[in-house]
Amino acid sequence: MGETRANGPRASVDAMLEFVWAAEVSVVTDAMAATGLTRSTAIDALSELVEIGLVRELPNARSAGEYSKGRPSRRFELREDAAVIVGMDAGRAHLSTTVADLRGVELASERVELRSAQDTQEGRRAAIVAALDSALSAAGSSRERVLAVCVGVPAPVNEDGVSPRREGGFWQRMNPGLQDLLAEWAPIVRITNDASLAAVAEGSVGMANGLRNYVVLLAGDRFGAGVVVDGHVLRGHHGGVGEMRVFDHVRGVNSVEGIGLRLAEWAREDLAAGIVPRASALAGLSGAAVSGRTVLQLARAGDVWAQGLRERAAMLLARIVVVFSNLYDPSRIIVAGAVAEDLDEVLHAARAHFPVDWELPIPELGRSRLGADAVVTGAVSAAREAARRGVLHLGEAGLLRLGMAREGPVSLS
């Protein structure tokens, strides 16, 4: 009954799940039209998804008051409460966690700041597990109800969820064996670079919706990029696509430090050198009190010295845009992260520094509207997609663990 896949679900069941996953309430005729299945095969596939526990059958059109004449249609919908999914932005200094149902609707969201004592592999592992458990509890759920979890980390990550070794161990601290740690209880685990997840978010609900070629630039304390080419998020052998150490060697950029951190450093250097004029509000601040956001807010308020620093940031950003234009030929570059909320004037000024005779058209430059939630939003979206692709491969034991299958035979192949 339908095509089979080696060690996997029947193609008809897989196709039906993909349809129901994206639909609201659906009827068999709609499912047939979307999947190309015959009526009997479509009904069998839907019935199997009901038996598994992923789909519920609703009262037919006559019972729902929508039937006029002819045979009433059978109606189905995804059981959004069959399990939960979890997305996490595991930043260097914070953990943002969202628990959602199978439709991606948020059930609970929490953010915690990390202490310096937790900046070790063991400390970070413990903090991540505690944050996950806390968010699940806030959602009225538990580990046993988790179908998929996706965590974004500030490090390159390969397809196995592993980060390469780096001198100083920073990448290992950011991703301290999270794939194996979470796989002990979550059936589907994805560990991914944070900028790549920001790109997923922008493509699904943000400034890149409908685009197939774009770059999302995280521009806070450090630069990172999520790169989408021909509709695919690029990863690379070690997960290094979008790592920006190359900018250490680009004149006028010279570092992977992000715009927020760079603005603060420039201001502190000027204060330490005693060259900030007394008329500037910066002159009344101590170096420790200066942040990138402070500089941008003062520039917006008309502070001339802060405006000069903002112009330096614009020139830096323009150089980065030109490099990405040449490397990936995107249609749009989107600046994201918490600092992006204050960067409208920087983006406007950067456009004035674009070359007019560049070989390729310079991409559009835009600002994310997702703010500090870009990564965790992408993590939820990626977890939901991983759940859809992976749930039918869990087998009967995995489905029973989640409470999504009745005891007894369940045919998945």
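Arg-56 is partly exposed, with a relative accessible area of 23%; here buried means under 20% relative accessible area, exposed over 50% and partly exposed in between, computed with a 1.4 Å probe on protein chains only. The model is predicted, so local features need pLDDT of at least 70 and side-chain atom pairs count only at pLDDT 80 or more, whereas totals for chains, interfaces and linings use all residues. Residues are numbered from 1 along each chain as its sequence is written, and side-chain values use heavy atoms, with hydrogens and water left out.

**Salt bridges**

The side chain of Arg-56 meets that of Asp-81 in a salt bridge, 3.0 Å from N to O; the term denotes a side-chain nitrogen of Lys or Arg within 4 Å of a carboxyl oxygen of Asp or Glu. Arg-56 belongs to strand E2 (residues 55–58), and Asp-81 to the loop between strand E3 (75–78) and E4, 25 residues apart. Helices (H or I, at least four residues) and strands (E, at least two) are DSSP runs, numbered from the N terminus. Asp-81 is likewise partly exposed, at 44% relative accessible area.

A search of the whole structure finds 21 salt bridges. One of them joins Arg-10 to Glu-48, linking the segment before helix H1 (11–22) with helix H3 (residues 39–52) across 38 residues. Arg-10 is buried, with a relative accessible area of 7%, and Glu-48 is buried too, at 8%.

Another salt bridge is formed by the side chains of Arg-173 and Asp-119. Arg-173 lies in helix H5 (residues 170–174) and Asp-119 in the loop between strand E6 (106–113) and helix H4 (121–138), so the pair ties together parts that are 54 residues apart in sequence. Arg-173 is buried, at 19% relative accessible area, while Asp-119 is partly exposed, at 31%. Salt bridges that share partners also join Arg-56, Glu-77, Arg-79, Glu-80 and Asp-81 into one network.

| Salt bridge | N to O distance |
|---|---|
| Arg-10 and Glu-48 | 2.9 Å |
| Arg-56 and Asp-81 | 3.0 Å |
| Arg-173 and Asp-119 | 3.2 Å |

**Sheet**

An open sheet of 5 strands has the order E6-E5-E4-E7-E8, with mixed pairing; two strands pair if DSSP finds at least two bridges between them. E6 and strand E8 (188–193) are the edge strands, each pairing on one side only. E5 and E6 run antiparallel and are joined by 7 bridges, and Thr-98 has Ser-109 in E6 as its bridge partner.

Helix H7 (residues 194–205) lies across strand E7 (146–153) and E8, and runs at about 105° to E8. For such angles, axes are lines fitted to C-alpha atoms, for helices over the stretch in contact, and values run from 0 to 180 degrees between N-to-C directions.

**Loop residues**

Ala-93 is found in the loop between strand E4 (84–90) and strand E5 (94–100), and is partly exposed at 42% relative accessible area. Leaving aside neighbours within four places in sequence, Ala-93 is in contact (heavy atoms within 4.5 Å) with Val-112, Glu-113 and Leu-114. The C-alpha atoms of Ala-93 and Leu-114 are separated by 5.0 Å, although the two residues are 21 apart along the chain.

Arg-103 is placed in the loop between E5 and E6 and is partly exposed, at 22% relative accessibility. Among the residues it touches, not counting those up to four places away in sequence, are Trp-21, Ala-23, Glu-77 and Arg-384. A polar atom of the Arg-103 side chain lies 2.7 Å from the backbone oxygen of Ala-23.

Definitions and conventions:
A polar contact is a pair of N or O atoms within 3.5 Å; within protein, one must be able to donate a hydrogen and the other to accept it, and residues adjacent in sequence count only if both atoms are side-chain atoms.
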